[in-house]
Number of protein chains: 2
Amino acid sequence: MAATYELLQETGLGGLTVDAVSERSGVAKTTIYRHWPTRSALLIDACSKLGTRREVPDTGNLAGDLSVLAADLAHRLRTARWASVLPSIVDAAERDAELARMHARLHAELISAFRAVVERAHKRGELPRGRLPTDVVAAVLGPLFYRRWFSREPLDDRFVKAVVDSAVKG
Amino acid sequence: MAATYELLQETGLGGLTVDAVSERSGVAKTTIYRHWPTRSALLIDACSKLGTRREVPDTGNLAGDLSVLAADLAHRLRTARWASVLPSIVDAAERDAELARMHARLHAELISAFRAVVERAHKRGELPRGRLPTDVVAAVLGPLFYRRWFSREPLDDRFVKAVVDSAVKG
């Protein structure tokens, strides 16, 4: 599994083969196949352990909760292993239904704390009028993902604060 | 080039080889190499013709201009060929400096009309106080990209309107 992680980072999902995992780890292919009958099974197991789930904060209001989560996510987008692997999963999900289901599970895990604080705020009547919980989640995660993977601009504190302010305002 | 486009859609950048282009097009590899000396040269030429640049609208105000551009982009994210190819370019850009430069050029083209209308509005003093032009671009493109490639929720008219409203408000 450690070799699989390493290769995922180096090559993305596309370049990851059981041959390469065997070579990197020194574990025979037959042994690998005993634990994971297919390449997909190995990939899904590795990706499910990328560890993106977070505790749900409770600062008393939506802006505070989102500030905690967005600052933490921005930090992980800059530094965490899964941030360089996720685009290869998104790419694979475009063409492979099994990997699309895995990506959907990973995504649900990644956003679970965001959803929880936004839905709690929605029940308290804290969301701007006409704004749905999923709109607010997209308004926070969208710009952070955009800067990490598309524009590659800095994910600095000023930007993270501007994103949260804009997401919670009416 | 047509075969290259087809294969880009089917396999993404990772699976695209000169062998596969030769087989699909019926053009000999030696002929392909005469036009494009390397696989990268072929990929860069194909991607540079994905055609994401748009005219700059002039409706008289930022909300109007962004509504036109965001509706058009949402439509293309749902239907255009490049929308299923871009994640493979983003993925490759994580690990390959030449493809990262190509992705940066593609991205600049994709957002050029957005940048133009936001910078014009900035000069007119139309942006909310403390909001930078790049913040506004990220506030529009981020949520649209997020829904297309990450959450895979619908990019419907209501959502596009909510994104633009939120991006232009103070």
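**Two domains, two chains**

Student: How many Å separate the centres of domain 1 and domain 2 of chain A?
Tutor: The model is predicted: local features need pLDDT of at least 70, side-chain atom pairs count only at pLDDT 80 or more, and totals for chains, interfaces and linings use all residues. Residues are numbered from 1 along each chain as its sequence is written, while chains are lettered from A and ligands numbered from 1 in written order. Chain A splits into domain 1 (2-47) and domain 2 (53-168), with bounds from an automatic or database domain assignment. Taken over C-alpha atoms, their centres are separated by 29 Å.

Student: Which elements of chain A give two or more residues to the side of domain 1 that touches domain 2?
Tutor: Nine residues of domain 1 of chain A are in contact with nine of domain 2 of chain A; contact means C-beta atoms, placed from the backbone, within 7 Å. Helices are DSSP runs (H or I, at least four residues), numbered from the N terminus. Those giving two or more residues on the domain 1 side are α1 (2-11) and α4 (39-48) of chain A.

Student: How many charged residues are on that side of domain 1 of chain A?
Tutor: Ala, Val, Leu, Ile, Met, Phe, Trp, Tyr, Cys and Pro count as nonpolar, Asp, Glu, Lys and Arg as charged, and the others, Gly among them, as polar. Five residues there are nonpolar and four polar. Charged residues: no residues.

Student: Which element gives the most to the side of chain A that touches chain B?
Tutor: The contact takes 29 residues from each of chain A and chain B. On chain A, α6 (81-93), α8 (133-151) and α9 (157-168) each supply at least two. With 13 residues, the top contributor is α8(A).

Student: How many residues of that side of chain A are charged?
Tutor: Sort the chain A side by class. Twelve are nonpolar and nine are polar; the charged ones number eight.

Student: Which residues does Ala92(B) touch, beyond four places away in sequence?
Tutor: Ala92(B) sits in helix α6 (residues 81-93) of chain B. It has 25 C-beta neighbours inside 10 Å and so counts as buried. Its contacts are Leu13(B) and Leu99(B).

Student: What does α9(A) reach from its first C-alpha to its last?
Tutor: Buried residues of α9(A) include Phe159(A) and Val163(A). The buried residues of α9(A) pack against α5 (62-79) and α8 of chain A, together with α8 and α9 of chain B. The expected span is 1.5 Å times one less than the number of residues. For the twelve residues of α9(A) 16 Å is expected, and the reach is close to that: 17 Å.

Methods
Two residues are in contact if their C-beta atoms, placed from the backbone, lie within 7 Å. A residue is buried if 20 or more other C-beta atoms lie within 10 Å of its own, exposed if 12 or fewer, and partly exposed in between; C-beta atoms are placed from the backbone.
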